Amino acid sequence: MHPNNIPILSNGVSVFLLDLNAEVPQVLLMRRADTLLGAWCQVAGQVEVDETGWEAALREVKEETGVILEELWSADLCEEFYVPEKNIIQKLPVFVSFISSETPITINEEHDAYQWFSFDDAMELFSFPGQRRVLEYLHSEFVARKASPHLRINLSGRRDIAATDIEETTG
């Protein structure tokens, strides 16, 4: 690699959980308890070995919120930002899922709080311009209009659910 290049790394995912059935559309945010201490963020994390991006999205949601998603959509967009400590440009494919704000949430040790916010309130809370750009895009493509059915991901053959999870959700 030429020393003047800035590498582009895409080894993570970004997932926004939305409740469009609330009186005002809502987005779930969690407050970071470790890296980015105090920042309000969506679900995000790294893709593991032999895992697809959408499988990582399902796993990260389960790990960070305790929720097993029934559906997942590609936002057809990447969140993108520069990481000065590593001199890389990080690109994360963005995924969306629709759940009720009444869904029980169990946050993991990465977060110390969670809350459902209106899109306007979330825009004010986000620390990074890239998060605000993504949220604006999601509002226009998933709230203001019906999402294209071509963006829905076929979850058959998913590997994120153990047999015990299936029994819990169906039994």
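Trainee: Is Cys41 buried or exposed?
Mentor: Cys41 is buried, with a relative accessible area of 9%, where buried means under 20%, exposed over 50% and partly exposed in between, using a 1.4 Å probe and protein chains only. This is a predicted model, in which local features need pLDDT of at least 70 and side-chain atom pairs count only at pLDDT 80 or more, while totals for chains, interfaces and linings use all residues. Residues are numbered from 1 along each chain as its sequence is written, and side-chain values use heavy atoms, with hydrogens and water left out.

Trainee: Switching topic, how many residues has the largest nonpolar core?
Mentor: It has 21 residues, and those with the most contacts inside it are Phe16, Val27, Leu135, Leu138 and Phe142; such a core is a set of buried Ala, Val, Leu, Ile, Met, Phe, Trp, Tyr and Cys residues joined through side-chain atoms within 4.5 Å.

Trainee: And what does Phe142 touch?
Mentor: Not counting residues up to four places away in sequence, Phe142 touches residues including Leu18, Trp73, Val96, Phe98 and Leu151, contact meaning heavy atoms within 4.5 Å. Apart from that core lies another, of 20 residues, among them Met30, Leu69, Phe95 and Leu155.
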